[in-house]
Amino acid sequence: MKRLLFILILVITNNLYAYFAMNQRNHSELKWKSIESDHIEVVYHDPLIETAEEALVISEATYAALVKTYGIELDHKIQIFVTNQDKITNGYSMAGKYVAIWVDVNDYVSIFTGREKWLRKVLSHELSHHFVFESIRSWVDLFLPVSALTFPSDFNEGYAMFFSGEEWGYGREDANLRKGVFSNDLSYQYPDGFFYTTGFSMVRYLYEFYGLEKLQELLKYRNKAKIYSFKSAFKKVYGKSLKDFKEEWRRYVYTYYFGNAYAMKSNIQDTSDFQSVNKIDAIKTKGWNNFTNMSAKDSLVFFMGKGSSNQNYFDLGFGYFNQDTLNKGILDIKNIQKIENVSTVMDMAISNNLNYLAYVKFERGKYGSILPKIFLYEIAGKKKIRTVTGRLAQVDNQGGIYYQQLDHENNYVKYYFDGVEKSVLTFDKKMALGQLRLSPDGRHLAMSQFDEESRFLLVVYSTVDFSLLKKVELETFPRNAFWKDNSNILLTLPGAKESRTLIQNYNLETGVWTLYNTPPYNVIAHRIEKTDSTAKFIVEGELGRLKKSLLKIEMCDSADFHYEPNINYYSRWIHAKYPHEILLPDTVPDYKKQKYSHLKNLDPFINFVLPDDKSVMWMSYWMDPLMKHDIAFVGFLEYQDLEPYFAVNYGNRMFRPVVNLSYMKYVWLGGIWDETWFFQDVQNLALDFSFPLDWIKSPFCSLRFSSGLMYQNVARQKKSVVSDTLFEDGSALTSETGIRFLFNLPYKNSFVHPVRKVGLNYHLSMANSKLGMQKDFVEHELNFELAFAPLYDSFKMKTDFLLFTNQTHCNLINGKYFSQYQPGLDINENIPVSGGLITERQYVRGFEVTLTGERLLITKNELWVKISDDMKLSLNFGGPLVSLSYLGLGVFSDYGMIWYNDKSEDFRSFGYESKALINILGIPTVQRFGRAYNADRKEYHYYYQMNIPVDLEL
């Protein structure tokens, strides 16, 4: 078991990411600097010095408030990294080690409420996470960050949101919680972060009804072993189990939302015809389902959706519908044409003449940065054109695109046509923009603004001379905007006093607002796309767990409908206020400016020793938060022979490509000869270089190049085992290079049960005795992998339970090669061919032969039936230690051909096996158990195999 743990830890060290976990690029071009105050160190790169100073101001103020809130003082400075290399709105706290923030993005962030800027919100949020991690830290975290990894996600986010001063509101979880309540589903084990919703609500509830002191005690509790345990802490502090509390909280929020809906319905001015909160799925769809984003004009509908709820990707396409059928409650899309598979798409737009489509998706840019790219699609020619970097795209009748683009100094609105882009409006970067909308005649450009004074504005400009035509201040930020005609703009706005959606019309000529009656249970950010005098065409924002994605509501011109929410026992949590306000000073605190040293910031992330009565294992992993340097060490020692085995790896990401230097000394199973196992002492010394190639733009494809040198020495441990001379002791120095391509369409089980996958991996090893490399040989190794679900792809049934796979492995060696320079037979009675440690072993199932050769061909075909996506079986200690998820049953047919000493031999087997995905300490392992028969159906063997997937990158 300990040897297995040794191998698992090797895999862990190869898969840890630090600061650039979001984009998996080292950004070697950046030169980092830092500024330090009393409690904060901000690390930045040019030209972000002003942003770093602003971050320092916010962080020091937040620190002062959080010290009071959490009741602790930190014994270290909090390290915060800021970068603008990726145009993504994100930030995170790495298990209490440091905080990372992406800046210089258009910070009109709809998921937040209130009138504060992105940097203030996200910094305070992540610093609150940091205080949570520090509060629950115990002695065991000196070795592994156990406490941070086992603290529940919902409460973690709830603490961070409430104690950073975030307000409860429509965009910050009210819409999601309403939908969960009215759908009778508050479970948070779903994508898209529903645990933010439940956690924020539960922490507010606990604060309002039980007080701040108990929330502090919940973090300070330790069990008899002085280790943090959340469930035990909750029982001790609140006198009830976590399960009982969640039921108490559930009943409370159900009473609030259903009671609120009833009170709104009782308002005599509400003339909408909805009588039940269950009527949120009024439109029936034909031709497509599971919409997530949509734009519509006249009869054309441009959509992003999922053909199956198990897809982790979206289908982007367009089609045509009849407006009359929509008014009857049916959306029947005809002539659907797919454009591409996408991970996500924003800002979908249709030209008024229905000839052009425009949309925004993220791609790799220079140095692997993540950037939003705008695409133009010509419907008649079925032509897709990649244009410029930007967001908020709108397309006119000539195929020209209006869009927003941000740099470090300014926020622009630009126009792109026929390969030429020009700026038409320029704002300060502090001006955040949203809802860019082009009028039907193309003469007006409307947008929402969040200006330097934290005001929400609706503004309209002329596209003739880009003069300002209208500026109207709003109480809340718009969720969406739509031109009803050339004079009227429809907006969806969260109510200023209530969190439900309001729909209003603004007339540019008269300046008059018209308020429409809407259901009291509008629970998501509606996207208004098509309207007439009596009906709205609306798409729900998908929460990730519900298929109810379309809603039709009736409206009338009742002018002054208004509902004043009651403040009572069941609304107390809505009005809960953060106890210690974060007050920002007007001046930057005194700070020290210096260069950032990567080596000085190496910090132990994992560091522990695991002894027993026969052996001891130890591990240490050190990394710079920017991952410019990392050092991993794993050791294993048995007391009986006092022979140490260990692996050490140094990674340097200061350059492109990434450089890795590693040394390993270990024992491995060399083979089985005459029913006797023999082992080998192996030493590996390797220097390799690798980097991804970013010119493949598909989000589901990866292309990676690598090269390097490897020295390996192999010696049998037990000389008394007499085996064939094919197993040669000795050493070899080889040069290696390789290229790897992988396409994998992401699905719920895309790794172990893909619906569409193609992989190609070519590896070249060479040695030359004249160069002191002991041998003269060249080895070509080619691996090809294909997988597809025939009922998912071929027949458009979107059924994934049946899967066909093919794996083909080819080896060709010329010259005097070292037959065991990549050592080892499996314990599974396999043909001994080249392959990596546990992870890439090639074999024909069921054979006992021990042959190596100059040429090798193995092809394996399998047909799988999925039994379960997620078995939900696990062993837990605060978090899952061992868990079983995927389970499948399959049949196989293997064929192998090997050439050696001017002879050849082929191998055939078939049989059946089971396959399970079992996570051990969070590391996925694929466990196979099966029975193999030879071609005559006489001889057979049971076998077992475990694979550890080292590289899961798409």
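How many of the residues of helix 5 are buried? This is a predicted model, in which local features need pLDDT of at least 70 and side-chain atom pairs count only at pLDDT 80 or more, while totals for chains, interfaces and linings use all residues. Residues are numbered from 1 along each chain as its sequence is written, and side-chain values use heavy atoms, with hydrogens and water left out.

**View 1. Helix 5 (residues 153-163) is mostly covered.** Of its 11 residues, 10 are buried, a word that stands for under 20% relative accessible area with a 1.4 Å probe and protein chains only. Among them are Phe155, Tyr159, Met161 and Phe163. Just after helix 5, Gly165 takes a positive phi of about 90 degrees. Helices here are DSSP runs of H or I with at least four residues, and strands are runs of E with at least two, numbered from the N terminus.

**View 2. Ser369 sits in the loop between strand 13 (356-364) and strand 14 (370-378).** Ser369 has a relative accessible area of 5% and is therefore buried. A polar atom of its side chain lies 2.9 Å from the backbone oxygen of Gln85. Leaving aside residues up to four places away in sequence, Ser369 touches His27, Gln85, Asp86, Glu363 and Arg364, where contact means heavy atoms within 4.5 Å.

**View 3. Tyr711 lies in strand 38.** With 31% relative accessibility, Tyr711 counts as partly exposed, the class between buried and exposed, the latter being over 50%.

Key:
Polar contact = N/O pair within 3.5 Å; in protein donor to acceptor, adjacent residues only side chain to side chain.
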